[in-house]
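Hi,

Here is the structure I promised to pass on.

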Amino acid sequence: MMLRRGFILFLPRLVGLLVVACCSMSIVYMLACTPKGDNQQLALPRVHSPTAKEGYEAILQEREEKHRNYIISLKKQIAQLKAELQGRTEQLKNMQNQYPDSLDIRLDHSRPEKAQANLLAFLRSQVDKAEVHSGVKLSTEYAAVPFESFTLQKVYQLETGLTRHPEEKPVRKDKRDELIEVIELAVGSLNKPDGVSKAKPHVYTASDFVEGIYRTEKNKGTLYELTFKGDAKYHFKKIVLFRPFGPVMKVKNENVNMADTLINVIVPLAKRASKFRQFMQNFREMGIQQDGRIHLTVVYFGKEQMNEVKSILENTSKSANFKNFTFIQLNEEFSRGKGLDVGARFWKGNNVVLFFCDVDIYFTAEFLNSCRLNTQPGKKVFYPVLFSQYNPSIIYGHHDSIPSLEQQLIIKKETGFWRDFGFGMTCQYRSDFINIGGFDLDIKGWGGEDVHLYRKYLHSNLMVIRTPVRGLFHLWHEKQCVDELTPEQYKMCMQSKAMNEASHGQLGMLIFKHEIETHLQRQKLSSKKT
């Protein structure tokens, strides 16, 4: 009886437990068998279901719809990114127009990634600004920047100066390396697989290069257009390259005090007393009166006219109260290199700037400052390109009188030329001259020693500053071509003499002088008849 009562009391609890168990199983079943959401895999219908085919089609259709919507979304994002990129490009162009100086484009070295992005944006803008994709409007015919052309062996150049030829091999290492690099880069670019054509690609080499043209816009970059042989006759492959110039970057900012920097002007001399008198007038005005930080060393060869030269030097010393000079006399045949070497080694004071000079040179006080600023012991030597004067009697032959020397010293193509083949006038510290070994004393006479010293500096670790200067002139003097020269030497001497006499136009006027006079006489006769 008691057992029965216990069972009756326990039965409701048992039923409750069974109900809870059934509910739990139902929930588990629903979670396992209900189709998944959007981000999960859809439940597939059972294979033996009568609606299996329709279920598969519905699922595939739903997936296709989702992919279509995803593609549409991606296209919208790409369009937005393109619009954003266009906007940023316009902002960059506006900024460059507002700040044309590349110094305004700062490179933040504390954030390398941003600095690299800014630099790439600037370089791309250089391509856009240059005449690469289209031309630009120019004011005159002289504003166009001409191209120069080149092949594997030769460069054809417009700006030849007096030492280069219209057609020549690229002698300067930087130009030679530049053109080789461009050709190699073009060949490498042409041989890159395009990933489209299935035909066997043509392998290009430097021998396929036909010709190229290039030009440099100073504030933008260098444009190269290279032509290669194609796959068939009359077929060519053309590639355009551009080397953009980067933004101007500050390298160094320093104060330079030249108040106590002395220049020792060394002049080798033999005879030529009248030329020395003219030189001392220039030296007194520019060196003593205007500059004042200068010493003069005259190395005189022989004894002829020596007393006259010494008298000129002593008179200048007295009248200008100038004591900073040295006179050295050598009883031997004239040698410019020997004279300069002796003068440089004779100095016993502190390290000094040496200015190797000639008696037919005119310099200004501004040049003396350039001499100091472009030399640095152990680092820099200065090789200025001076302006060489034409024959004044030809230049001013149609004038009533020849102007004074100071009035003649103007830099124009009618009055002279940059003497870019001369290396005799140079400034360097005495320590650098001694360390480099000085002049080759085996070279006699005038010429050759300057080029030898110049090459020594080029082969050293010193920086050679070579630039035209406005304050250094070579005064014209007649060049003598003596009879002792061989026919070939005499011809070369006469060609050099013609080069120093006048410009091409002025020499042409001399050659056709008779025809010009005849024309003028006919004009006068015809005007009288009328």
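Cysteine 371 and cysteine 427 are joined by a disulfide, S to S 2.1 Å, where a disulfide is a pair of cysteine sulfur atoms within 2.5 Å. The structure holds one disulfide. Cysteine 371 lies in helix H8 (residues 365–373) and cysteine 427 in strand S14 (residues 426–429), so the bond ties together parts that are 56 residues apart in sequence. Helices here are DSSP runs of H or I with at least four residues, strands are runs of E with at least two, and both are numbered from the N terminus. The torsion about the S-S bond of cysteine 371 and cysteine 427 is about -120°, so this disulfide is left-handed.

Cysteine 371 is buried, at 0% relative accessible area, and cysteine 427 is buried at 0% too. (Buried means under 20% relative accessible area, exposed over 50%, and partly exposed in between, with a 1.4 Å probe and protein chains only.) Cysteine 357 is in no disulfide; the nearest cysteine sulfur belongs to cysteine 427 and is 9.1 Å away. Cysteine 357 also counts as buried, with 0% relative accessibility.

Before the rest, the ground rules: this is a predicted model, so local features need pLDDT of at least 70 and side-chain atom pairs count only at pLDDT 80 or more, while totals for chains, interfaces and linings use all residues. Residues are numbered from 1 along each chain as its sequence is written, and side-chain values use heavy atoms, with hydrogens and water left out.

Now the aromatics. Rings of Phe, Tyr and Trp (its six-membered ring) pair if their centres lie within 6.5 Å; planes under 30 degrees apart are stacked, over 60 edge-to-face, and the rest tilted. The count comes to 24 aromatic pairs. One of them is phenylalanine 356 with phenylalanine 433, an edge-to-face pair at 5.3 Å centre to centre with 75° between the planes. Phenylalanine 356 is in strand S10 (residues 353–356) and phenylalanine 433 in helix H11 (residues 430–436), so this pair links parts 77 residues apart in sequence. Phenylalanine 356 is buried at 0% relative accessibility, and so is phenylalanine 433, at 0%. There is also an aromatic cluster whose members include Phe276, Phe322 and Phe382.

Aspartate 208 is a curious one. You'll find aspartate 208 in the loop between helix H4 (173–190) and strand S4 (209–217). Aspartate 208 is buried yet has no salt bridge, and the nearest side chain of opposite charge, lysine 229, is 5.3 Å away. For a salt bridge, a side-chain nitrogen of Lys or Arg must be within 4 Å of a carboxyl oxygen of Asp or Glu; on charges, Lys and Arg count as positive and Asp and Glu as negative, with His and the chain ends not counted. Leaving aside neighbours within four places in sequence, aspartate 208 is in contact (heavy atoms within 4.5 Å) with His202, Val203, Thr227, Phe228 and Lys229.

Leucine 190 is in helix H4 and is buried, with a relative accessible area of 15%. Not counting residues up to four places away in sequence, leucine 190 touches Tyr204, Phe228 and Lys237.

Overall, the protein chain has 15 helices and 15 strands, and buried residues make up 32% of its 530 residues.

Cheers
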